[in-house]
There are 2 protein chains.
Amino acid sequence: MNRADTGLEPRLALIAGNGSLPCQIAEALDSAGREFRIIAIKGEADERTRAQADTELGWGEIGRLYKFLKKTGCRDVLLIGGVSKRPDFTSILGDLGTLKRLPTIIRALAGGDDSLLTKVIRLFEVEGYRVVGIKDVAPQLLASSGVLGKIQPNQGDWRDAELALRATEKLGELDIGQAAIAVGGRVVALEGAEGTDAMLQRCAELKRIGRIRSKGRAGVLVKTAKPNQDLRVDLPTVGPMTIDLAAAAGLAGIAVEASGALIAEKEETLKKADNAGLFVIGIEHGTRFGVTSKGQADERS
Amino acid sequence: MNRADTGLEPRLALIAGNGSLPCQIAEALDSAGREFRIIAIKGEADERTRAQADTELGWGEIGRLYKFLKKTGCRDVLLIGGVSKRPDFTSILGDLGTLKRLPTIIRALAGGDDSLLTKVIRLFEVEGYRVVGIKDVAPQLLASSGVLGKIQPNQGDWRDAELALRATEKLGELDIGQAAIAVGGRVVALEGAEGTDAMLQRCAELKRIGRIRSKGRAGVLVKTAKPNQDLRVDLPTVGPMTIDLAAAAGLAGIAVEASGALIAEKEETLKKADNAGLFVIGIEHGTRFGVTSKGQADERS
């Protein structure tokens with residue numbers, strides 16, 4: 001891969017996990033004329049990503065990774081795409097460069113309370129690299145504000161969106177939860193460790209057994225970032241699968257944080273939503289939609 | 001049933017649904033020398049409750065119910081025990097007294113945003129009855145503060161209890177959620193419409209698939225009342241089943257709101273917890289246990 005150097009920004013390295021996102025980013029960077037290199041993560045990166053990649057490295061090959069970054073003049077790093085297999089400590093003891101850096105790596109990874117991704121960021125920063133996010137290099141891929149598909153939310157939908165948004169805000173104050181679902185003026189599901197997909201499946205089941213009652217399509221999934229979330233490496237994301245699960249749960253639509261969430265495979269996702277009759281909206285924290293919230297009507301549980 | 005009238009308090013009517021709680025209340029009232037009558041709800045009350053009941057009435061027999069209350073001089077009413085079948089509007093059109101009161105009943109039940117139980121309370125209040133709660137007539141059945149079983153929580157357990165308590169408080173501000181689970185310094189599950197039992201089952205599954213990691217027994221279920229919860233008819237309750245599910249989820253213990261939650265079948269529940277190695281504690285809203293909360297370590301989801 002050889003692209004014209006604009007000379008304006010440091011060269012960017014995409015360290016690419018699974019999914020189609022790395023290729024989408026590459027496309028966006030190409031359009032913007034930014035120079036970059038792709039490093040595919042072995043056992044994670046998709047076929048299409050690997051076809052475009054400049055090199056392919058395994059978890060243990062940290063020495064080779066730094067060598068590649070230095071050789072290609074990359075100073076910015078974007079960690080992009082999912083990782084399905086969690087590396088264990090033995091698999092990272094890969095090459096000489098890794099061993100040489102072992103004290104630094106151990107110091108970075110051993111740090112008590114931070115997430116694995118925060119630790120990985122530190123691994124790059126101690127070597128003088130800057131870890132950037134999608135917002136920094138391809139902000140056009142993030143959700144914009146307002147109605148994004150063809151379906152318009154109604155008054156009740158806006159109220160549900162606001163209720164679920166408030167719930168995520170409250171949980172965000174404790175640094176938990178990215179997502180919530182409100183149906184018919186009542187918050188019915190809150191995301192914990194199970195993740196958004198499992199929460200949507202739960203909602204479908206609760207509707208099926210009559211524990212959540214609604215006529216026709218009703219309810220909104222809201223997905224936002226937590227206040228302390230590092231959006232460089234952990235971006236709230238919805239995609240075609242989210243639409244499928246939201247439709248299966250009988251929801252009326254989904255709301256994501258404008259400028260703070262990613263709609264993966266945007267075109268396909270929005271088309272899928274249109275076809276299923278679901279709205280997709282971009283909303284902002286703290287926004288109130290001017291609808292009064294309906295009092296909670298919890299039954300004895 | 002004929003008990004000596006103390007002359008100090010109005011006679012109490014227990015309107016009894018399923019479970020063993022009605023009999024426990026009857027026992028507590030007997031010990032306290034309070035006079036009462038038991039009205040068993042047809043199709044709901046247990047065998048033991050029915051054996052002690054003074055009469056048995058179905059959903060539609062509101063006229064007969066009021067007649068019974070008047071005849072027996074009951075002025076206070078305690079709605080107690082669970083209700084597994086939800087009455088529909090046709091099943092309440094039962095007797096002449098019901099039909100006579102239909103306008104009042106419809107007014108009470110049609111009121112927009114309140115829960116069914118709040119509406120039922122109103123049905124009694126418009127007839128001049130006072131609806132009381134367990135707290136008013138048998139407060140000794142509510143959880144007390146501190147360590148209630150034989151197992152003592154450790155430092156990490158208190159921290160988890162505090163984290164989950166804070167989560168229920170935040171959710172309570174929005175009138176949602178009675179319960180949360182924290183494991184190893186991280187809130188992993190929040191209760192929505194699924195109820196506490198289903199949340200515990202989810203937690204067990206998330207541990208099984210490695211989405212929640214812990215060594216040995218770890219984590220605390222916290223169950224509290226919402227600020228606006230009407231404790232007369234909707235009391236957070238734990239029982240032997242809660243202990244079974246918490247043990248299956250690998251939790252270290254459970255915490256309930258002191259003076260605001262009920263431990264059903266207290267003796268059996270606490271013995272079960274002791275045998276399973278789970279602690280049971282009573283805690284209060286706003287209490288902080290003097291342990292610093294561990295930063296959240298969420299992985300990409």
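Reader: How do the axes of helix α10 and helix α11 of chain B cross?

Author: In this predicted model, the axes of α10 (residues 240-248) and α11 (residues 266-276) of chain B come within 8 Å and cross at roughly 15 degrees.

Reader: Why are α10(B) and α11(B) called roughly parallel?

Author: Angles under 35 degrees count as roughly parallel. The crossing angle is roughly 15 degrees, and α10(B) and α11(B) are therefore roughly parallel to each other. Their crossing is right-handed.

Reader: What makes up the contact of α10(B) with α11(B)?

Author: From α10(B) come B:Pro240, B:Ile243, B:Asp244 and B:Ala247, which meet B:Glu268, B:Thr269, B:Lys272, B:Ala273 and B:Ala276 in α11(B). By class, five residues of this contact are nonpolar, one is polar and three are charged.

Reader: What makes β6 and β8 of chain A edge strands?

Author: The open sheet has six strands in the order β6-β13-β11-β9-β7-β8 (chain A), with mixed pairing. Strands β6 (146-147) and β8 (186-190) of chain A each pair on one side only, and these are the edge strands.

Reader: Which strands does helix α9 of chain A lie across?

Author: Helix α9 (residues 196-208) of chain A lies across β7 (179-183), β8 and β9 (220-223) of chain A, and runs at about 20 degrees to β7(A).

Methods
Residues numbered from 1 in each chain as written. Chains lettered and ligands numbered in written order. Predicted model: local features only at pLDDT ≥ 70, side-chain atom pairs only at ≥ 80, totals over all residues. Heavy atoms only, no water. Pairing = 2+ DSSP bridges. Helix = DSSP H or I, 4+ residues; strand = E, 2+ residues; numbered from the N terminus. Contact = heavy atoms within 4.5 Å. Axes fitted to C-alpha atoms, helices over the stretch in contact; angles between N-to-C directions. Parallel < 35°, antiparallel > 145°, perpendicular 65-115°, else oblique. Left-handed = near helix turned anticlockwise from the far one by under 90°. Nonpolar A, V, L, I, M, F, W, Y, C, P; charged D, E, K, R; others polar.
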